[in-house]
Amino acid sequence: MQSASDIISSLLWFRDDNYQDEENNAQIIEQFVQNVEDFSSQYGSEISVSYTAFNLRGPPSNFPDYGDYPQAFVMRTYGKWWDEAPSVQEDYMPQNSRAIPSQDYVEVSFERSVYPLEVAIFETYNPGALVRIWALGTGAWFLLWEGEPEYAGDKPRIFSPPIKQINFPTRVLRLEFNHRLLPYYTELDAVLLRGKEPASESKMKNNFAYSTLFYKKTQPQPQNGIIKLITWAMVHLIGMWWPPHESIPAALHAATFLSLAVSTLYFFLQSLLEGPGFVPLGWRPDNELDIAKLQYCATCKGYKAPRSHHCRQCVRTVEGSLTKGFIRKRALLLEAVSLHPSLRNDETILTIMKYLDMQSLSRCAQVNRHFNRLALDSILYRCIDLRPYWHCVRSQVLGILGTRCKFLQKLDLSWCGSHCMIQSHYVTKFLKQNCSELTHLRMNCCEFVDNSVLISIVDSCAYLQELCLRSVIGCSDWIYLSVLKHLRRLDLYRTDIGTTAAVAVVRANPHLQHVNVGSCKMISSMDEVAIALGANCPHLISVDFWKSYSLTAVGIRALGNCRLLQELDVGWCLQAGSSGEWLSSLAGTELRKLFLGALRGVCDRDLRALIPRTPKLAQLDLLGVRAVTPDICTVASTFQRMHVVACSILARCQELRLLDVSFCDQILESQVNEWRLQYPHVSIKRSFQSANLSAPPSPMFLAPSLE
């Protein structure tokens, strides 16, 4: 017969005697990215390799050269400019945001799994945007490093921050970025992972049982796991040693043990839910003779009760012991309620709880039964933003939130569900049960979005006003979205929606104000979408056609009917770049942001027809517009003709804050430096591809193609 110690020890993880020596002699390897698994945005397109995330594969291509090279990975945004554009999106729960927010990410994989020792990022242009590095374990993410964004200067670097050591091998990393401090696009050339190869699996025995079933690797083993383990082990031994069904004493013996075990578990749970309480400030015993037996706490200005201690975290004397963080939160909340009678009103407490993030609400629910009831009130869950918690959100979280979200109006699941952490059927069930009043929905970069989820969105969210499905790939039933009738914002960047479905959705939603169909490679005729917008959406404020290679001047002219248009991005719409005469059709709008990147047919004459009629223009991108001359930007001399003076961009547009003249080969660096001194309120951008600023621009800007 096995003893209890044998049964317990058989569940533990043990190794051979020579395992430690083999681990110390494990080989350390260095490897570059083998594949790019996922990313949030990229400057490039799906039909080219220039400026795309896939350039991270393999060793560096440009390092140690510094400059703007199409062989690097470039993300879609930089600086603060997109946050100041008319199309900016507000957070549903600002209180949920991290202290260091992230704007973009890229997920890369390597050939072999290792215990990470070093992660090195080769940055070849405007370094400093990296803020977090994650490692993927067995269905969970672990934070290796976190830091503030910075601008590291005009020089290349290999950024290798100190990372945390983890006790599991990984081959997948996720990098998060924040570009708010960068003057221009950042470019990454390669990512290197240096680590120790794991020991042979044959040398490890039963390691799964102890490491995954009983505790999380990053936390100590919980006490309730020990209670369950000992209880079931004793039940098993009692059944073998003195079976309860054989005699009455045996049954009484088993019943006594089970009652004691249940009592132990009950009081353990009571201590978790109720807490130990805390000694009142300035407490003194009723019997003055007991003072000689007690200790005095100078911080609390009172005596310590028996079996109590002073907690340094909450700066109070507490009874018993619990987790320090839990004691602190509970003590402060209970003290606030006791000191302020107005906080005993449920409405007042709920008003305060509205400003708490999801994690703080969960902690409040653990204070006591009263706070638990209030913290689970459905009024606190009208807006839910789970994007900051993407690394730990699983399908079960939706099931838990489903009991609280009776009045849900705004939901953000962006970035969640990677590596099957969320299954689509959980999402469809959540939408059907809780989203009948939903008006705003964001599922950007979500792998779980499929046809069933699209159908559930249409069936369950009839009053939807905002729908963001950026980088959702693999759906085919996009036409179902045309059932929605109240959309005001539609973001389908880098999705595989087709022309017919896109036109149907636009025609079904005449109140559309913000539309993003950039990099939608399956839309074969973007002109039809643009014509539908011009004919059906008079309230249109912003539209993004970024890298829509099927858009021509015909579609852009149709947007002239949208007199409220403030933002237009037609960068890299190469078929519209043969001529810029269509710019005159936008003269009657209220443009504040205009991106014309790589439209080499746009010239000074076209801009002169537009600039005098757009005095509110704040952002203008002329990157790669080779026909533009310095005359259109500013006054070259006092003898220049008056019509040029009247139409110059910097002189006419008093609200201009961003001007990009990168790769405009008729504009010299010396002229840009002079403009920067003359117009310090305007951020004038000029990129380059080498240390030699007079070097010719890239051929891709001189002769754009559809390759």
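**View A. Residue classes lining the second largest pocket of the predicted model.** In this predicted model, the lining of the second largest pocket comprises 12 nonpolar, 15 polar and 19 charged residues. The lining is formed by 46 residues in total. The volume of this pocket is about 1,200 Å³.

**View B. Centre and strands of the second largest pocket.** Asp83, Gln89, Gln103, Arg387 and Arg470 are the lining residues that lie nearest the centre of the pocket. At least two lining residues are supplied by each of the strands β20 (489–491), β21 (514–516), β22 (542–544) and β23 (567–569).

**View C. Packing of helices α10 and α11.** Helix α10 (residues 395–402) and helix α11 (residues 424–434) have axes that come within 9 Å and cross at roughly 15°. Because angles under 35 degrees count as roughly parallel, α10 is roughly parallel to α11. Their crossing is left-handed. From α10, the contact involves Ser395, Leu398, Leu401 and Gly402, and from α11 it involves Tyr426, Val427, Phe430 and Asn434. These residues divide into 5 nonpolar and 3 polar, with no charged residue.

**View D. Packing of helices α13 and α14.** The axes of helix α13 (residues 499–508) and helix α14 (residues 526–536) lie 9 Å apart, and the helices pack at an angle of about 5°. The two helices are therefore roughly parallel to each other. Helix α13 contributes Thr499, Ala502, Val503, Val506 and Arg507 to the contact, while helix α14 contributes Glu528, Val529, Ala532, Leu533 and Asn536. By class, the residues of this contact are 6 nonpolar, 2 polar and 2 charged.

Definitions and conventions
Residues numbered from 1 in each chain as written. Predicted model: local features only at pLDDT ≥ 70, side-chain atom pairs only at ≥ 80, totals over all residues. Heavy atoms only, no water. Axes fitted to C-alpha atoms, helices over the stretch in contact; angles between N-to-C directions. Helix = DSSP H or I, 4+ residues; strand = E, 2+ residues; numbered from the N terminus. Parallel < 35°, antiparallel > 145°, perpendicular 65-115°, else oblique. Left-handed = near helix turned anticlockwise from the far one by under 90°. Contact = heavy atoms within 4.5 Å. Nonpolar A, V, L, I, M, F, W, Y, C, P; charged D, E, K, R; others polar. 1 Å grid on protein atoms, 1.4 Å probe; cavity = no way out; pocket = protein on both sides within 12 Å on 5 of 7 lines; lining within 4 Å. Points joined across faces, edges and corners; volume = space filled by probe spheres on them.
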